[in-house]
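I am keeping these notes while I look through one chain, with its sequence and its structure side by side. I want to record what I looked up, in the order in which I looked.

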Amino acid sequence: MSTSISDFDEHEDADVSDINMTPLVDVMLVLLIIFIITVPVLTHSVKLDLPRAATEVNRTPPKTVMISVDAQGRTHWGDEAVSTSELDARLLAAAAQNPQPELHIRGDRKAEYESVLQVMAAAQRAGVLKLGFVTDPGSSAGRPLP
């Protein structure tokens, strides 16, 4: 009985086509052990009988103060024009409140930068912690400055 080289090639191809399941079973067993160990750790908690309290959440919106600087550099507290000394006094009173009101600064586009900066510096000296700027996202938004 003679065997040819082509007979050996067919025999080797048959062995290679079988899937070896041992590595797959090993990986699945390792994963199973990991899950068995970690699940009790995740669900472990101390049973407590916590006291109950019936409180209502205080939902008072924060008070805001609107300060405007017009094109001529005049300062307005709300709708009322104020002087520099009166602005300082009002800012000190606002900073003393608990909780402090939010200070919103509206500067006219034509106002000098220094006028708005003076209002910011006065707010900082008074101790106001919450300061923001109000802008108008109009049609000029996104256009480069002239």
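This is a predicted model: local features need pLDDT of at least 70, side-chain atom pairs count only at pLDDT 80 or more; totals for chains, interfaces and linings use all residues.

I looked up which residues of helix α3 are buried, and found Leu-87, Leu-91, Ala-94 and Ala-95; buried means under 20% relative accessible area, exposed over 50%, and partly exposed in between, with a 1.4 Å probe and protein chains only. Seen down the axis of α3, these buried residues fall within an arc of 95°, so they line one face of the helix, where the arc is that of the directions from the helix axis to the C-beta atoms. An α-helix has 3.6 residues a turn, so residues three or four places apart point the same way. On the other side of α3, I noted Ser-85, Leu-92 and Ala-96 as exposed.

Residues are numbered from 1 along each chain as its sequence is written, and side-chain values use heavy atoms, with hydrogens and water left out.

Next I checked the length of α3, which runs over residues 84-96: its 13 residues reach 19 Å from first C-alpha to last, close to the 18 Å expected at 1.5 Å a residue. The expected span is 1.5 Å times one less than the number of residues. Helices (H or I, at least four residues) and strands (E, at least two) are DSSP runs, numbered from the N terminus.

What covers the buried residues of α3? I found that the cover includes β1 (64-69), β2 (75-77), β3 (80-82), β4 (102-107) and α4 (113-126).

I then turned to α4, whose buried residues are Ser-115, Val-116, Val-119, Ala-122, Ala-123 and Ala-126. They cover an arc of only 120° around the axis, which puts them on the same side of α4. These buried residues pack against β1, β2, α3, β4 and β5 (131-133), whereas Tyr-113, Gln-124 and Arg-125 are exposed on the other side of α4. After α4 comes Gly-127, and I noted that its phi is positive, near 95°.

Leaving aside neighbours within four places in sequence, Thr-75 is in contact (heavy atoms within 4.5 Å) with residues including Ile-67, Leu-87 and Val-119.

I also looked up the second largest pocket, which has a volume of about 180 Å³. Of its 14 lining residues, the closest to its centre are Thr-75, Thr-84, Leu-87, Gln-118 and Val-119. Helix α4 gives the most to this lining, with 5 residues.

Finally I looked for cavities, and the structure holds 1 of 30 Å³ or more. About 40 Å³ of space lies in the largest cavity, and among the residues that line it are Val-65, Trp-77, Ala-94 and Ala-95.

For both terms I wrote down the rule: on a 1 Å grid over the protein atoms alone, a cavity is a set of points where a 1.4 Å probe fits but cannot get out, and a pocket is an open set with protein on both sides within 12 Å along at least five of seven lines, while lining residues have an atom within 4 Å of a point.

Terms used
Grid points are joined across faces, edges and corners, and a volume is the space filled by probe spheres set on the points.
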